[in-house]
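Dear colleague,

I am passing on the structure below, together with some notes on what was found in it. Please read the notes beside the coordinates.

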Amino acid sequence: MSAPAKVQSSYREAIRESIREALLADERVFLMGEDVGAYGGCFGVSKGLLDEFGPERICDTPLSESAFVGAGIGAAIGGMRPIVEVMTVNFCLLALDQIMNNAATITHMSGGQFPIPVVIRMTTGAGRQVAAQHSHSLEGWLAHIPGLKLLFPATLADARGMLPAALADPNPVLIFEHASLYNMEEELAADAGAVEIQRAAIRRAGTDVSLVAYGGTLGKAIEAADELAESGIEAEVIDLRVLRPLDDATVIESVSRTRRAVIVDEGWRSGSLAAEVSARIMEQAFYELDAPVERVCSAEVPIPYAAQLEQAALPQASTVVAAVRRMVGAGG
Amino acid sequence: MSVAPLPEREHGLHLLRQMLLVRRFEEKCVELYSAAKIRGFMHLYIGEEAVAAGVMEAIEPEDAVVATYREHGHALVRGISAGAIMAEMYGKVEGCSRGRGGSMHLFDAATRFYGGNAIVGGGLPLALGLALADKRAGRERVTACFFGDGAVAEGEFHESMNLAALWGLPVLFLCENNLYAMGTAIGRYESETDLALKAASYEMPAWAVDGMDVIAVEAAARKAAAEARLGGTPCFLELRTYRFRAHSMYDPDLYRPKEEIERWKQHDPIAALSERLEAAGLLSAEDSAEIERAVAEEIEAAIAFAEAGTLEPVEDLKRFVYWEGAEI
């Protein structure tokens, strides 16, 4: 039997292909957002789609985040399947009223009368020296809100497969794309398609510690695990994938085996997603632990411009390694 | 302002009945609020009835409606039953939002009534999307979007007006100008208080109407709806009106002169229509009594329905956070 066909793809191309496929498959699907058309997307994700699908399906919008995100929500209630691109998570703050007060509430407030099948994509994360206002990681904030679902692809297969799954979901789904991942290249199955969007995934098996990461920190956790392996510490790496509702079963199962956990989160430490995961481990696996849960998060400063300061503010493979060594040394 | 001609007797009586239903329903709501049957925030439409009653005549059952937190009147006139609305205020499962929304969040899929939005300006972007969905599907429908004068100060108003005009979306922007954003008079928060003038800068037809005259409102709304439906473009109406009661049940109403309220009460839209119909020989004392009787009966039935309704068990607390219906 021949091996399944593979194609070389970038994270960016995988997302583009998923949008293309959705537009071809369902005429209710359209993409709208700032610079998604003529410009090709601020990060090049939608390049070429305007030519292929025309301005009714690929809609450039004014810089009116609240209006076009709300229009996406309304269009979803009206029977369409909008993909709304908010250029970056930083700008979604201008649309937070629509996301929180409409998308997240209307199904419930109406007593279950209206599904809201809208997908809102946004770039997130730091690491490119774009300073405090363009470097936010606000997934933890948004994960606070009942009524939303949050996805964060950190692999090519998820970049390719989360969008169709999100579009098939009758609820509002936010998809985050870390800016540092767009150029990541890997081989992808030529027939890659929708993936499941309920479970976290174990990306690397290990026995000594569980590293819980997602999005932009997954690569750093894997890098840390590789380095730890050289000194005989086998780290298991979990990719959360779904930030709401959290799949804590996968995390608890892993931690119950490894007895140690380090959560790697680019959000600020206080009130972070890492804090939530940590709390759930305490609640559900306290007696399985050999050491207190550790968190490697961003330093609590607005992300600075200067490269050495910015890098010092962010979780790094080296800080993850240090946390694990501390934990193993202290806990035995 | 020229006076719009009186409609046929039947239609005149129908408008009168619609406005009276809203008035009497809300008067009863005040009693029920005092009796603690209704709780939370409650905003009364009393004085503004001509706006909802007139506009709803101009739109079709398949059109969409987006309203504000002061929406009992819109919901009633749109055709959500008084019983379902009252049961909602009682927090009962039989309510039009299963008791999950309350006074400010009346929803009804059957009449395409999309709330009841309690964030000032928050409904405008939704209206764009509903209109967009209809337009793209080739359905000749309009979305009637109600909001208050206070919303004009919100960024969402300006963003939405621009996008609707830019994309040619068939939205009726219906600004219920009652001269106060909660307790702040319009002259104290708007640099340009001629709201139709402001709206016209977005390249859409925009004009002001006497919102205390239901016949004028209906005529204007019909014209606007026809433009939006046939032209597939938005239209803005400023409906100049006034609320006779306080902003909400919590409001002591200390920010406006009593004389001003009394002056506006001289333009009560219900009394004004009654007088015109009477003067034209279209409304008799018997007609008025019959309308009052029928409205009272409908409201009594609504209260009985709400009283007899069921409370959702707390075990169901977490339902409806996500869609539970059939696959879509």
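A:Leu49 counts as buried because it has 20 C-beta neighbours inside 10 Å, the rule being that a residue is buried with 20 or more other C-beta atoms within 10 Å of its own, exposed with 12 or fewer, and partly exposed in between, all C-beta atoms being placed from the backbone. This is a predicted model, in which local features need pLDDT of at least 70 and side-chain atom pairs count only at pLDDT 80 or more, while totals for chains, interfaces and linings use all residues. Residues are numbered from 1 along each chain as its sequence is written, and chains are lettered from A and ligands numbered from 1 in the order in which they are written.

A:Leu49 lies in helix H2 (residues 49-53) of chain A, where helices (H or I, at least four residues) and strands (E, at least two) are DSSP runs numbered from the N terminus. Leaving aside neighbours within four places in sequence, A:Leu49 is in contact with A:Ile19, A:Arg20, A:Leu31 and A:Ile58, contact being taken as C-beta atoms, placed from the backbone, that lie within 7 Å.

Turning to the two chains, 34 residues of chain A are in contact with 37 residues of chain B. On the chain A side, the elements that give two or more residues are H3, helix H5 (96-103) and helix H6 (106-109), and the largest share, ten residues, comes from H3(A).

That helix, H3 (residues 65-77) of chain A, has 13 residues and reaches 18 Å from its first C-alpha to its last, close to the 18 Å expected, the expected span being 1.5 Å times one less than the number of residues. H3(A) is mostly covered, with 13 of its 13 residues buried, and is followed by A:Gly79, whose phi is positive, near 110°. In chain B, helix H5 (residues 123-136) has 14 residues and reaches 20 Å, close to the 20 Å expected; 13 of the 14 residues of H5(B) are buried, and just after H5(B) the residue B:Gly138 takes a positive phi of about 75°.

The largest nonpolar core has 202 residues, and those with the most contacts inside it include A:Leu211, B:Leu128 and B:Leu172; such a core is a set of buried Ala, Val, Leu, Ile, Met, Phe, Trp, Tyr and Cys residues joined through C-beta atoms within 7 Å. Domain 1 (6-189) and domain 2 (201-331) of chain A both give residues to this core, so it lies between them, with the domain bounds coming from an automatic or database domain assignment.

Best wishes
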